[in-house]
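Subject: Structure handover and side-chain notes

Dear colleague,

I am passing the structure on to you with this email, together with some notes on its side chains. Please read the notes with the structure open beside them.

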Amino acid sequence: MNYQRISADCHIDLCWLPHDLFVKNSSAALRERMPYVEEGPNGPYWRTKSGVDMGLANGAGFQGTMSTGKRRYVPGMEPRGDRFAETGLFTDAYEGIFRPSTPELRLKDQDRDKTQAEVLYGLLGAGLQFTDQEGALEFYRIYNVWLSSFCSYDLRRLVGLACIPSHTVEAAVAEVQRVKGKPGIGGVEFSPNWKMAPLFHPQWDPFWKAAAEANLPVHFHTYGIPQPPLDADLPEYAKVAASAVNLVSFQMHVGSILAAVIFSGALEKYPTLRIVLGESGIGWIPYVLERMDWEYDERYKGRSALKMRPSDYWRRQCRATFQDDRLGIKNLDELGEENVMWASDYPHRDGVWPDSDEYIDKQFKHLPDATRRKITCENAGRFYGLIK
């Protein structure tokens, strides 16, 4: 296939999935624990019988796609949302036409954006909302089976990331081994939960080992950190401030994940292990690498599990994706032009679909053609085996 543009971060969120997917495909023993869709005051909602509210269905959630969204798209509130609405994405969804999770319609949307292939993130933190671990594991298993089938529609254009539970290391290892070699699965997506041991803890070593042996890169997608509840009587400007603080800072929280993985020694012990920071942005990464190198040189050299500086592991084994990052592009020499991968973020409203041409031209017009092609196509193509 003649690849000219590959998006390294796109999505199939819970709200776009078939309403009967989990109940229909669950084992009989766990069927009552699976999420299902029922009508709510603002439209159809994903729920569980244990009382977990998993957000609006039919692409109606906040951001248009977030599995934990509570609001429908409201015209005039966000320019990117209005741009998406012009394409009919939301009105189709309200009528039960799920373009992001219908392969032939999804590929038409990518054709509209001149994108030949994409990497698909999925459930993100949705599985962490389950109140029982056994149900959560079934939830992940069903999605991963469906994802393999979905991507098999066109293996040249669809690269799926299997969702891996973070409840226990044993569960994570078991799911990595189960999805290894499945059609369309090009990596694993791991969403840390706030009760698990930190990623630098030795207990995660079997997970790193399993991912390396399976040749499945481990992806950490940004999804923020838990926010404290807000007082109902807060003035509107304070509610806006709370939202703004979260949205401005959520990408940089991945810096602690990057530091934990590198300082754990996992990349030293498993040199074939690959790590991707999804939708993290890239402008902040040079600073964090510089800080890690400084701390290593001044405090930890000879005491840590590392035999190289942290930035050396970044260059050898790590990647990050971004949509629109002017400062990151200015720091390509520090980042490594092979280490960053452009993305459209379809179908999230903070992405750049269906206007990727505009955003790519704005960011990369001053770069050599070879560098531009690496970032928008070749880096992802080679990383996921689409380009040999």
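What follows goes through charged pairs, one arginine in a loop, the cysteines and the aromatic rings.

Please keep in mind throughout that this is a predicted model.

Salt bridges

A search of the whole structure returns 29 salt bridges. In one of them, the side chains of arginine 80 and aspartate 355 meet with N and O 2.9 Å apart, and this pair links distant parts of the chain, since arginine 80 belongs to helix α2 (residues 79-86) while aspartate 355 is in the loop between β11 (340-342) and α15 (356-364), 275 residues apart. Both arginine 80 and aspartate 355 are buried.

Another salt bridge joins the side chains of arginine 99 and aspartate 109, at 3.0 Å from N to O. Arginine 99 is found in the loop between α3 (89-94) and α4 (103-112), whereas aspartate 109 is part of helix α4, so this pair ties together parts that are 10 residues apart in sequence. Arginine 99 has a relative accessible area of 7% and is therefore buried, and aspartate 109, at 3% relative accessibility, counts as buried too.

Arginine 178 counts as partly exposed, at 27% relative accessibility, whereas glutamate 175 is buried, with a relative accessible area of 8%. Beyond individual pairs, salt bridges that share partners connect Arg80, Arg83, Glu86 and Asp355 in one network.

Arginine 157

Arginine 157 sits in the loop between α5 (133-151) and β6 (158-164), and at 9% relative accessibility it counts as buried. Leaving aside neighbours within four places in sequence, arginine 157 is in contact with several residues, including Met1, Leu107, Asp111 and Glu118. Gln116 is also in contact with arginine 157, and the side chain of arginine 157 reaches the backbone oxygen of that glutamine at 2.8 Å.

Cysteines

How many disulfides does a search of the whole structure find? The count is zero. For cysteine 163, the closest cysteine sulfur is that of cysteine 151, 11 Å away, which is too far for a bond; for cysteine 377, the closest is in cysteine 10, at 14 Å, again too far for a bond. Cysteine 163 is buried, with a relative accessible area of 1%, and cysteine 377 is buried at 0%.

Aromatic rings

The count of aromatic pairs comes to 16. Phenylalanine 130 and phenylalanine 139 have ring centres 4.9 Å apart and planes at 45 degrees, so their pair is tilted. Phenylalanine 130 is buried, with a relative accessible area of 10%, as is phenylalanine 139, at 0%. The rings of phenylalanine 190 and tryptophan 204, by contrast, have centres 5.4 Å apart and planes at 80 degrees, so that pair is edge-to-face. Phenylalanine 190 belongs to strand β7 (residues 185-190) and tryptophan 204 to the loop between β7 and α7 (205-214), so the pair ties together parts that are 14 residues apart in sequence. Ring pairs also link Phe22, Trp46, Phe130, Phe139 and Tyr140 into a cluster.

Finally, the charged end of arginine 274 sits over the ring of phenylalanine 383, at 4.5 Å from its centre.

With kind regards

Conventions:
Residues numbered from 1 in each chain as written. Predicted model: local features only at pLDDT ≥ 70, side-chain atom pairs only at ≥ 80, totals over all residues. Heavy atoms only, no water. Salt bridge = Lys/Arg side-chain N within 4 Å of Asp/Glu carboxyl O. Helix = DSSP H or I, 4+ residues; strand = E, 2+ residues; numbered from the N terminus. Buried < 20%, exposed > 50% of the residue type's maximum accessible area, 1.4 Å probe, protein only. Contact = heavy atoms within 4.5 Å. Polar contact = N/O pair within 3.5 Å; in protein donor to acceptor, adjacent residues only side chain to side chain. Disulfide = S-S within 2.5 Å. Phe/Tyr/Trp six-rings, centres within 6.5 Å; stacked < 30°, edge-to-face > 60°. Lys NZ or Arg CZ within 6 Å of the ring centre and 35° of its normal.
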